[in-house]
Structure formats: C-alpha cells, structure tokens
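Let's take a friendly walk through a protein chain together. Keep the picture open beside you and find each residue as we come to it.

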Amino acid sequence: MPVLQQRKNVRFTSGDTSCAAWHYPGTNGGCVVMAGGTSVTKEPASDLFAARFNAAGFAVLAFDHRRFGESGGTPRQIVRFDEQVADWHAAIDFAATLPDVDPDRIAAWGFSLAGGHIFRVAADHPRLAGAIAQTPLVDGRAIAPHALRAMTPGALLGLFGLGLADALGGLLGRAPLLVPTSGPRGTVASLTTPDATDADRALDPEGRHTTWERTVAARIALRIGGYRPGRHASRIRCPLLVVVCDQDRSTLPGPAVRAARRAPRAEVVRLTGRHYAPFLESHERAVEAQTSFLHEHLAPR
C-alpha cells in the first residue's frame, strides 16, 4: 500500500511520558485519531483502516497507549483505563497542532477496549467533530458473565489467582505477571471467547508485526468487569458511529446498541460476523460506512 510509505513517526507528551504515533499527512483538513484495544499496538490496530481513510484524503494519527508498543511508561503491558483515556485527549490535542489538520475537524476511532474509551473521550472532549466506536467494550459488567462462561473452571481459577498476585505484586513494586491477551478455551488468558483467537488472522495475517507483544498484566481480570464507559453515552454531543457485529462473542452487540440509543447523535451499523469481522469478511462494508461518516461530519465548515 503506497500510502503507508508516506507516514511519519512522531511522538507527543501524555502525562509524565510520551506516546509514539504514526502520522499520515492528509489533503482535506480532516483527521482521524486511532488506537487499538488492550495490548493491540498501532500497526495491527490501524494499518488496514488508516490506509483507506488516508486514501480518502484524511490525515491519520495512529498511536500506542502508554506502557504498550513504542510508547513510554513503565511498568509495561499494564492497562490503566484512566491513563489510556488521558492518552486519547493528549493525542487529539497533538493532532490539532499538525499543519495538515483543521483542529475543528478531528474524529476519534477505536475498537474493542479502545472503542469503549471512545465513549468517555467523546463525552469529555469539546472539539471532536465525530467519533467511531467499532465493536466497542461499553459495559464490562454486562459481558463478564459471558466471558466467564467461556473459561474452564481451572483456567478461571488460574487467571484470577494470577490477577490477584499481579495486583498485590504491583503494590510491592514487583514486575507485572503477564498472561496472553487471548487464547483458546482452557488456557489461562485474558479472553477465551470463541472469537478471541481470530485476532492474529484479522490483525496480523502475514506475521509482519514481529514486535507486537500479545500479553497483558493479569490484574486486568480484576478490573475489566467494573469498566462501563457506555454510561457516558448521554453526554456525547458530537456525531457517533457505533459499529457492531451480530455474532460478536467478545464484547457482544447488545450493550453497544443500548449505549448508542442514549447518545443524542448516534447511528448504528450492524455487520455480519464475529468480533474481528470488520478486519475480515465485513471489512469493505465497514470501511464504506466509516468513510461515509467521516466525509459527512469532517467536511469543511
């Protein structure tokens, strides 16, 4: 894809560290700020969609959350929700300073856990012109029972035992205890739903992303059930596109659709397929819907 050769490696400050990002220069003044969920770094998370958005004229800023990928922050591989949301605000503010970007024509794009963050970011950032949440995790409490049923009893005990040990070790300054971000049923992994193992096929089918570390600190198992960013939907004032997949068994379509109904300017696109279908069999339809949304809401004013 020739467009990928045009991107530039940039960094911006967030909190007490810096985040790494790819900047794809645009031609129409609009910009899409992008990031992936849990441990998914900027290349596997965004390359497919960023290339298409950029080809349509939009600038793209695709970044790694702190503690992941090429961004700073230690200890590594730890998901802290508030930190990641702060990274989003810093990324949007940085994008507004880029010479090819109109600061009033920026949209945020995230999927899975980052798609959940989109609800908080869109509710709190006053200048966003639009937001796209793809297969978002909007209600940890609603999806937790389903995720737990996808685990064997032994794997469940193993994960929560490691999660507790990791959380206690963190208080003592010990290195994080890492588990695979996803795995087949019966393994000790953060997520073992039927479609969790589609990640490699969807995000790295050719094995190009050799530096992508597919692990996360086990303490996430103790916290994800309490993360409910969809509660912020009613405060979102910018246009919001929520993309759900009807056979999604990881974040489930129902909670996202219900959250979208509470957002004043939301629209929902339903795709056929599982959690990663927008990267696989439903990719063209996802790109078409999202690019149309961006053209409509990031048009010059």
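Our first stop is Thr135, which counts as buried because its relative accessibility is 2% and buried means under 20%. You will find Thr135 in the loop between strand S6 (130-134) and helix H4. Its backbone deserves a look too: phi of Thr135 is near 40°, a positive value in a residue other than glycine. Please keep in mind that this is a predicted model.

Gln77 sits in the loop between S4 and H2, and Gln77 has a positive phi of about 65° although it is not a glycine. Is Gln77 buried or exposed? Gln77 is buried, since its relative accessible area is 4% and the limit for buried is under 20%. While you are in this part of the chain, look for Pro75, which is placed in the loop between strand S4 (59-63) and H2. The peptide bond that runs from Thr74 to Pro75 is cis, and its omega is near -5°.

Now let's turn to charged side chains. How many salt bridges does the structure hold? There are 21 salt bridges in the structure. One of them pairs Arg7 with Asp47, whose closest N and O atoms are 2.9 Å apart. This pair links distant parts of the chain, with Arg7 in the segment before strand S1 (8-14) and Asp47 in helix H1 (residues 42-55), 40 residues apart. Arg7 is buried, with a relative accessible area of 18%, and Asp47 counts as buried as well, at 5% relative accessibility.

A second salt bridge joins the side chains of Glu43 and Lys42, at 3.2 Å from N to O. Glu43 and Lys42 are buried.

Arg120 is buried, with a relative accessible area of 16%, whereas Asp82 counts as exposed at 55% relative accessibility. Salt bridges can also share partners, and in this way Arg7, Asp47, Glu206 and Arg208 are joined into one network.

Next, look for empty space. Rolling a probe the size of a water molecule over the atoms shows where such space is left. The largest pocket contains about 640 Å³ of space. It is lined by 34 residues, and those closest to its centre are Thr38, Thr181, Ser190, Leu191 and Ile224. Helix H4 (140-149), helix H5 (153-171), helix H6 (199-203) and helix H7 (220-223) each supply at least two residues of this lining. Which of the elements gives the largest share of the lining? That is H4, with four residues.

Leu148, Phe160, Leu164, Leu168, Leu171, Leu172 and Leu222 make a nonpolar surface patch of about 690 Å². H5 gives the most to this patch, with four residues. Leu171 is found in helix H5, and this residue counts as exposed because its relative accessible area is 73% and exposed means over 50%.

Note on methods
Residues numbered from 1 in each chain as written. Predicted model: local features only at pLDDT ≥ 70, side-chain atom pairs only at ≥ 80, totals over all residues. Heavy atoms only, no water. Salt bridge = Lys/Arg side-chain N within 4 Å of Asp/Glu carboxyl O. Buried < 20%, exposed > 50% of the residue type's maximum accessible area, 1.4 Å probe, protein only. 1 Å grid on protein atoms, 1.4 Å probe; cavity = no way out; pocket = protein on both sides within 12 Å on 5 of 7 lines; lining within 4 Å. Points joined across faces, edges and corners; volume = space filled by probe spheres on them. Patch = residues over 30% accessible without salt bridge, like charges linked within 9 Å, V, L, I, M, F, W, Y side chains within 5 Å. Areas by Shrake-Rupley, 256 points an atom, 1.4 Å probe, with all protein chains shown as cover.
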